[in-house]
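Please look over the sequence and the structure shown below. The paragraphs after it go through the chain part by part.

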Amino acid sequence: MNLPAQNQRVLSGMRPTGKLHLGHYHGVLKNWLKLQHEYDCFFFVADWHALTTEYDNTGIIQESVWEMVIDWLAAGVNPGSARLFVQSMVPEHAELHLLLSMSTPLGWLERVPTYKDQQEKLKEKDLATYGFLGYPLLQSADILIYRATQVPVGEDQVVHVELTREVARRFNHLYGREPGFEEKAEAAVKKMGKKGAKLYHNLRKAFQEQGDHEALEKARALLTEQQNITLGDRERLFGYLEGGGKIILPEPQALLTPASKMPGLDGQKMSKSYGNTIALRESPEEVEKKLRTMPTDTKRVRRDDPGNPADCPVWQLHQVYSNEEVKAWVQEGCTTAGIGCIDCKGPIIDAVQAELKPIHERAQEFIQQPQLVRNIIAEGSEEARDVARETLGEVRQAMGLSYS
Ligand code: TRP
Ligand code: SF4
């Protein structure tokens, strides 16, 4: 859907797993920083998702939630541009999850590859639970309750967005067929004015009779621009365009997060489970110590043994942090034993410390004002709730569950 950016809603969540590190910064967070200026963004802490694997160790969740929010803010995520909230503070996610669970075939969840993969990976935990099977459906509820159009995720999560699309399609198919749909849609068309109505009819015809996708896009853009129609009518008209019923839960798209090129201290991908991280709030002294002691090309046993940067994890860090000049200096100095490994690490230590300095400064502000952080989350959660309630109202109505 080619809607103008301000009508596109981005939603993403992160499980609270403790302090964030440079791998998160160079992957997810930098992407969020960019998106927050381009879209209507909702970013949340997925504490219920953490519970699916940490149900026997819930003590670490609460602390991790605040640590993570401080890291977001320190990295520059701006509560003035994006709504920041905590999943469990918007209980509407749970109601939608329950309602969606009624029509989601068990097989869809059992077939999601992360289900078996994670059970294999976390063998020490009993993940043969109802909650864990429902993990991706809860994620679908997270996304659909905001009618997000884009969901920034890593490669491993794309299947969850795909599932969300199927869940939405099934929901719309089951409940989008309100009585008198055609009449209501035609009445809504009239509200667009003579010119708008004619254009809509022509574009709809071009799509339905000739499969003209350009016409479909144009008609969608036309609907998005309409100021005078209600949300319900807009959805009806989106559905009417394609011939089906009302689209209550639009299908989101995955927005693949560019893979972080941040290597860890051992040359593998930076990840908490490998114990090779530099935390965002690591002190300059710790940063220096970690980098000074990180392994190098094992051929350089003594200072005058030449080495090969291709066999050295430090070289990978130069790819992230150094310019061509420094890289040429490393190549030459390493292969001729002209420089020592400690010399070689110098520019990396400086670059990482410089990168973290403004992050530390911002973090300090928030650490000193815990109430400010709580207020940011309380406000973000309230704003999120307003949107969530509205969707849920329509979902209940479509399912025949509105009793007022
Ligand atoms: N499952 C995601 C992860 O592990 C976190 C998540 C939960 C999420 N709900 C979401 C991501 C909704 C995007 C949208 O990374
Ligand atoms: Fe690695 Fe640099 Fe030492 Fe060469 S000089 S082995 S690239 S740290």
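Over the ring of which residue does the charged end of Arg170 sit? The ring is that of Trp108, and the charged end of Arg170 lies 5.7 Å from its centre. A charge counts as sitting over a ring if NZ of Lys or CZ of Arg is within 6 Å of the ring centre and within 35 degrees of the ring normal. Arg204 is also placed in this way, over the face of Tyr240, at 3.6 Å from the ring centre.

This is a predicted model, in which local features need pLDDT of at least 70 and side-chain atom pairs count only at pLDDT 80 or more, while totals for chains, interfaces and linings use all residues. Residues are numbered from 1 along each chain as its sequence is written, chains are lettered from A and ligands numbered from 1 in the order in which they are written, and side-chain values use heavy atoms, with hydrogens and water left out.

The protein chain is divided into domain 1 (5–176 + 251–260 + 370–398), domain 2 (181–241) and domain 3 (282–367); these bounds come from an automatic or database domain assignment. The centres of domain 1 and domain 2, taken over C-alpha atoms, are 31 Å apart.

Next comes the interior. A nonpolar core is a set of buried Ala, Val, Leu, Ile, Met, Phe, Trp, Tyr and Cys residues joined through side-chain atoms within 4.5 Å. Buried means under 20% relative accessible area, exposed over 50%, and partly exposed in between (1.4 Å probe, protein chains only). The largest nonpolar core has 54 residues, and those touching the most other members are Leu22, Leu29, Phe43, Trp72, Leu84 and Leu291. Helix α3 (residues 59–75) gives the largest share of this core, 10 residues. Helices (H or I, at least four residues) and strands (E, at least two) are DSSP runs, numbered from the N terminus. Domain 1 and domain 3 each supply at least three residues to this core. Another core, of 38 residues, lies apart from it, with Phe42, Leu96, Tyr115 and Ala141 among its members.

Ala141 also belongs to helix α8. Of the 10 residues of helix α8 (residues 135–144), 10 are buried, so the helix is largely enclosed by the rest of the structure.

The aromatic rings can be taken next. Rings of Phe, Tyr and Trp (its six-membered ring) pair if their centres lie within 6.5 Å; planes under 30 degrees apart count as stacked, over 60 as edge-to-face and the rest as tilted. The whole structure holds 10 aromatic pairs. In one of them, the ring centres of Trp32 and Trp72 are 5.0 Å apart and the planes stand at 75°, so this pair is edge-to-face. Trp32 lies in helix α1 (residues 22–38) and Trp72 in helix α3, so the pair ties together parts that are 40 residues apart in sequence. Both Trp32 and Trp72 are buried.

Phe42, Phe44, Phe85 and Tyr146 form one aromatic cluster. Phe85 lies in strand β3 (residues 82–86) and is buried, with a relative accessible area of 0%. Beyond its neighbours within four places in sequence, Phe85 is in contact (heavy atoms within 4.5 Å) with residues including Leu11, Val90, His93 and Ile377.

Helix α9 covers residues 158–175. The side chain of Arg165 makes a polar contact with the side chain of Glu251 (3.4 Å). A polar contact is a pair of N or O atoms within 3.5 Å; within protein, one must be able to donate a hydrogen and the other to accept it, and residues adjacent in sequence count only if both atoms are side-chain atoms.
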